[in-house]
Amino acid sequence: MGFVANARMYSVNPPAAAAWKELFGWLAQASGVDLDILDHAFPLPLADLWSREDLACAFMCGFPFMLGPQRLRPVAAPIPARAPIAGRPVYATCLVVRAQSDFHAIEDTFGGRLGYTVPDSHSGYNALRHHLLPYFRRRGAKLYRESIGPLTTPRRVIDAVLAGDIDVGPLDGYALDLMLHHQPELGSQIRVVAVTDPAPIPFLVASPGCPDEIVAPLRAALATFATAPACAKLRDQLCLDAFAPPALDDYGLMLRWDAEARAAGYPQPA
């Protein structure tokens, strides 16, 4: 049986997608695992990717991982070069507006149009809602006149912001790092008006039935990424310092944030 790899979640533009394919090529060689690099781009559902029996290495957000009826096998979590806690496999959500807008703080966007990705996304929904919850509690009513989604991907959130379809939208901070690294012109087109609390980052997973003789060498090879001479260029292209074992207990934070918002009568960011 062959096994597949995919980096759909962080293939945010063609240069990033090419770098991930190069990483999986290195990983196959370093681990001795024959990996078929699978294309699974939007609008194909991520759930279809995560349900594959031949999955050996693909990114999954911690929120659907924790919500799912069957746990996939953790492989490794990335440590972004610009992680909000240095040296840790964590990320945050950046709330962005058009640079030419009059919005300079998140409060300035209230009464406007809020975008979101999908309800089972942490960065594009759960973290966004957690950040807005204190304002909702103080106001006792919804904050925006419209909540627009699902926009599904970070790229479509940026497109909606730039087109004026939404006033503010959530971006996975690591995805934004990758976009700005490969498309620096975006930095003059958008502005970050708020950043959420840090949370455990999406991590690479394998199917529940993926055997130890596949998962173990993948984990071992990724543990060498930080110092492997062959990965020096990839570390720059992917804005990554290293990979680490996922600390699954940490992902319980996502369920706590979800429960807190629902208990407060705020099931949807709005």
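I began at aspartate 177, which counts as buried because its relative accessibility is 13%. For my notes, buried means under 20% relative accessible area, exposed means over 50%, and partly exposed is in between, with a 1.4 Å probe and protein chains only. Aspartate 177 is found in helix α6, residues 173-182. I take helices (H or I, at least four residues) and strands (E, at least two) as DSSP runs, numbered from the N terminus. Leaving aside neighbours within four places in sequence, aspartate 177 is in contact with Arg82 and Cys239; contact means heavy atoms within 4.5 Å.

A caution to myself: this is a predicted model, local features need pLDDT of at least 70, side-chain atom pairs count only at pLDDT 80 or more, and totals for chains, interfaces and linings use all residues. Residues are numbered from 1 along each chain as its sequence is written, and side-chain values use heavy atoms, with hydrogens and water left out.

**Cysteine 239**

I followed the contact from aspartate 177 to Cys239. Cysteine 239 sits in the loop between α8 (232-237) and β13 (240-244). Its phi is positive, about 50°, although cysteine 239 is not a glycine. Cysteine 239 is buried too, with a relative accessible area of 12%.

Cysteine 94 has a relative accessible area of 13%, so I noted it as buried. What does cysteine 94 touch, not counting residues up to four places away in sequence? I wrote down Gly169, Pro170, Leu171, Gly173, Leu176, Val192, Ala194 and Val195. Valine 195 is 101 residues from cysteine 94 along the chain, yet their C-alpha atoms are separated by 4.6 Å.

Tyrosine 91 is in strand β5, residues 90-91, and counts as buried at 2% relative accessibility. I have its C-alpha atom 8.7 Å from that of serine 123, which is 32 residues away along the chain.

**Loops and prolines**

I checked for cis peptide bonds. One runs from phenylalanine 42 to proline 43, with omega near 15°, and proline 43 is in the loop between β2 (35-37) and α2 (46-50). Another joins glycine 149 and proline 150, with omega about 5°; proline 150 lies in the loop between β8 (146-148) and α5 (154-163). Threonine 152 also lies in the loop between β8 and α5. Threonine 152 has a positive phi of about 75° without being a glycine, and at 27% relative accessibility I count it as partly exposed.

**Helix α9**

Which residues of α9 are buried? My list reads Gly252, Leu253, Met254, Trp257, Asp258 and Ala261. The buried residues of α9 pack against α3 (62-67), α4 (122-139) and β11 (199-200). After α9 comes glycine 265, with a positive phi near 75°.

**Whole chain**

I finished with the totals. I count nine helices and 13 strands in the chain. Of its 270 residues, 56% are buried. The C-alpha trace spans about 55 × 40 × 35 Å along its principal axes. Among contacts between residues at least 6 apart in sequence, 80% join residues at least 24 apart.
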